[in-house]
Amino acid sequence: MSMSDTKLEQLALELNALKASVMEQVGEREARYIRRMLLLQRLCAVSGRLLMVLGFFTLWCWGVGVLLLALAKILDNMEIGHNVLHGQYDWMDDPVLHSQRFEWDIACDAASWRRTHNFEHHTYTNIIGKDRDFGYGLLRLSNDFRWRLRNLWQLVTYFLLSTLFQWGVSYHELAGERVFFGKKKAERRSQISHSALKKAFFAKGTRQLLKDYVVFPLLSGPMWAWVLLGNLLANLVRNWWTATVIFCGHFTAKVHAFKPEQCQDETQGHWYYRQMLGSSNFTGPRWFHILTGHLSCQIEHHLFPDLPAMHYPALAIQVQQIAIRYGIPYNSGSFWRQYGTVLGRILRYSLPGGQSAVRLGAAG
């Protein structure tokens, strides 16, 4: 499919107006919401850690504590951290909930995330060779990438990546800059020195390891081994959940990619068009949207990354209507259906051949 310049301009006008209508409403309601989320997250973290120690009396307490800590880590990373780091609440000028001040409970340094995710991924979404999030340099997800022998076991690679997801995210910028391995691409320009990257990587990672696997276990006395195990399990649950949510928003069967030449001198309308074709939604109840950080509405997030995410489900109804009017595919489905297509895509492209993801990517 293709769209004329006139239609792309009209699309931009409609989506800009939609964004402006939401921004006019942003205020105290959104501030109360994110502060309640922060309070809930902190209550879950404190109660989870206390209950794990009380596992001395009954393992039921320990089990509930692990689940509460995992919930706290998920809320911190998804509904709070990811959205705050996008600047969705910068207008509050809160000492904690500001994109330049917030630091999350994950191995990745927040500043590194802002560079690789906020700038690189959201600017070059699904542009082959420019968006390193399209497969993370580990997975072949379309025929636009040369097949290699290592792709045969990329389903195993995916499971390992999901298990260690916070460390994969933490290492992502260093991998792109070839800090430890490989030769840096000539066209890549660093925003920060390699020494500063390494310092931030090791400093944040060390703090996370000490906090979860040394300090809190030692503070728990005779329950130290159970607390260490509980912290490990909570981190694994968080890692798997966040990885699954992100893959379901980016790598389902129907997402499309673009060639760099298709995006030269790109207009805002084409950028919107690219975000809609390159993203996927999945459905669920209100609590489910919150646990995903509202990335269940990945299309709306890619269109409006700096809008408070609590508005995405309502916006999704209007964005889908716009997509229908312009004849743009709107990729949405149940969580399990979308996840099934993600696994199918990983398996299909573990073998040579397959289709190009840019088949619907051209505009003109």
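Asp 93 sits in the loop between α3 and α4, with helices (H or I, at least four residues) taken as DSSP runs numbered from the N terminus. Its phi is near 50 degrees, a positive value in a residue other than glycine. This is a predicted model, so to speak a computed one: local features need pLDDT of at least 70, side-chain atom pairs count only at pLDDT 80 or more, and totals for chains, interfaces and linings use all residues. Residues are numbered from 1 along each chain as its sequence is written, and side-chain values use heavy atoms, with hydrogens and water left out.

**Backbone**

- Most residues other than glycine have a negative phi.
- Asn 126, not a glycine either, has a positive phi of about 60 degrees, and its place is in the loop between α4 and α5.
- Asn 126 counts as buried because its relative accessibility is 1% (buried means under 20% relative accessible area, with a 1.4 Å probe and protein chains only).

**The loop between α8 and α9**

- Thr 252 is found in this loop, which runs between α8 (224-250) and α9 (268-277).
- Thr 252 has 0% relative accessibility, so Thr 252 counts as buried.
- The side chains of Thr 252 and Asn 331 make a polar contact at 2.9 Å (a pair of N or O atoms within 3.5 Å, where one must be able to donate a hydrogen and the other to accept it; residues adjacent in sequence count only if both atoms are side-chain atoms).
- Leaving aside neighbours within four places in sequence, Thr 252 is in contact (heavy atoms within 4.5 Å) with residues including Phe 247, Ser 280, Gln 338 and Arg 345.
- Ala 257 is in the loop between α8 and α9 too, and Ala 257 is buried because its relative accessible area is 0%.
- Ala 257 and Ile 127 are 130 residues apart in sequence, yet 5.8 Å apart in space, C-alpha to C-alpha.

Key
Helices (H or I, at least four residues) and strands (E, at least two) are DSSP runs, numbered from the N terminus. Buried means under 20% relative accessible area, exposed over 50%, partly exposed in between (1.4 Å probe, protein chains only).
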